[in-house]
Amino acid sequence: MEYLRELWEKCNKNVVVGITVCFLGYFCINAMVRCAREKGDKQSAVGNTIVEDSLVWYPGRTFVYKEKFNDMHAKQHAVASQIGLPRPPKDRDDAASMHRQLVELKTNENYIVDSLTHSVPFLIPSAKRELDAIGEEWADILQRNGLPHYRFYVTSVLRTEEDIKYLQRSGNINSVTQSCHCYGTTFDIAYMRYNKVTRTRMYMHEDNLKLVLGQVLLNHQRAGKIFVKYEAKQSCFHITVRQ
């Protein structure tokens, strides 16, 4: 009888221990699941940012920009003064009123019109069409090579009389009244600044994007559509439409 009583007590103790372990396991598992959910929610809240860890390249052939794009001011100015505006607008309002002569630039899927401080976003129609064509060919090259889509920046466009006076007061070297930017034929594109549009882990270096843009400009230059000057100090391509 004593043996049976001891066995019964041992069994009861094991049952209690077993039940206790089950309860502890249950609560531990619930706590782990809850933490995992909270962590997942937190990650999803900030998880809209995609980690860019896959560097990709445009496989184009490199070239010396300053040698290919060396259309000097005199050459560009001769064309600009011939096909462009007879005079620069007085100010932005004056440019906006010149509906028959000028077209306004707006940021689109291929390029961004920068926050212009010394020019206004207007071009003659043929220059606007050429800028849009450059943007379309840029996008096509990126797409055909399976690369993420970026936008380039247009940093300087039409310079008004008001802009010229401001530049002259500041002592800026670009304050000359004979600038090609005064005719609505000319625009600058930055070659070291880009805006990534595609949400992907792939990314590109600015130097490689510069090569894509340079290839597009070279194609249009060879086709006789534009003059291009490589501006190292301003980090831009200075472009004048030819027709």
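Analyst: Happy to! One term before we start: a nonpolar core is a set of buried Ala, Val, Leu, Ile, Met, Phe, Trp, Tyr and Cys residues joined through side-chain atoms within 4.5 Å. Please keep in mind that this is a predicted model.

User: Thanks. So which residues touch the most other members in the largest nonpolar core?

Analyst: Trp138, Phe152 and Phe237 do, in a core of 47 residues. The elements giving two or more residues to this core are E3, strand E4 (122-123), H5, E5, E6, H7, E8 and E9.

User: And what's in the second core?

Analyst: That one is separate and has five residues, including Ala80, Ile164, Cys180 and Cys182.

User: Let's switch to the sheet. What order do the strands come in?

Analyst: The order is E3-E5-E6-E9-E8, an open sheet of five strands with mixed pairing. At the edges are strand E3 (111-113) and strand E8 (226-231), each of which pairs on one side only. From one strand to the next, the twist averages 30°.

User: How many bridges join E6 to E9?

Analyst: Five, between strand E6 (residues 186-196) and strand E9 (residues 236-241), and the two run antiparallel. As an example, Ile189 has Phe237 in E9 as its bridge partner. Phe237 is also one of the residues with the most contacts to other members of the largest core.

User: How do E5 and E6 run?

Analyst: They are antiparallel, joined by five bridges. Ser156 is found opposite Asp188 in E6.

User: Which helices go with the sheet?

Analyst: Helix H5 (residues 125-144) packs on it, touching E3, strand E5 (150-156), E6, E8 and E9. The direction of H5 makes about 155° with that of E5. Helix H7 (residues 206-222) lies across E5, E6, E8 and E9, and runs at about 150° to E6. In total, the protein has seven helices and nine strands.

User: What about H3, which residues are buried there?

Analyst: In helix H3 (residues 73-83), the buried ones are Gln76, His77, Val79 and Ala80. Their cover includes E8 and E9. Ala80 also belongs to the second core.

User: Zooming out, how much of the protein counts as buried?

Analyst: 40% of the 243 residues. The accessible surface comes to about 14,700 Å², and carbon and sulfur atoms make up 53% of that. Among contacts with a separation of 6 or more, 74% are between residues 24 or more positions apart.

User: Last one: what's the mean pLDDT?

Analyst: It is 84, with 77% of residues at 70 or more. Over residues 11-46, however, the pLDDT is below 50, and beyond near neighbours in sequence this stretch has zero contacts in the model.

User: How should I read coordinates where pLDDT is low?

Analyst: Not in detail, where the pLDDT is low.

Terms used:
Residues numbered from 1 in each chain as written. Predicted model: local features only at pLDDT ≥ 70, side-chain atom pairs only at ≥ 80, totals over all residues. Heavy atoms only, no water. pLDDT = per-residue confidence, 0-100. Contact = heavy atoms within 4.5 Å. Pairing = 2+ DSSP bridges. Helix = DSSP H or I, 4+ residues; strand = E, 2+ residues; numbered from the N terminus. Axes fitted to C-alpha atoms, helices over the stretch in contact; angles between N-to-C directions. Buried < 20%, exposed > 50% of the residue type's maximum accessible area, 1.4 Å probe, protein only. Areas by Shrake-Rupley, 256 points an atom, 1.4 Å probe, with all protein chains shown as cover.
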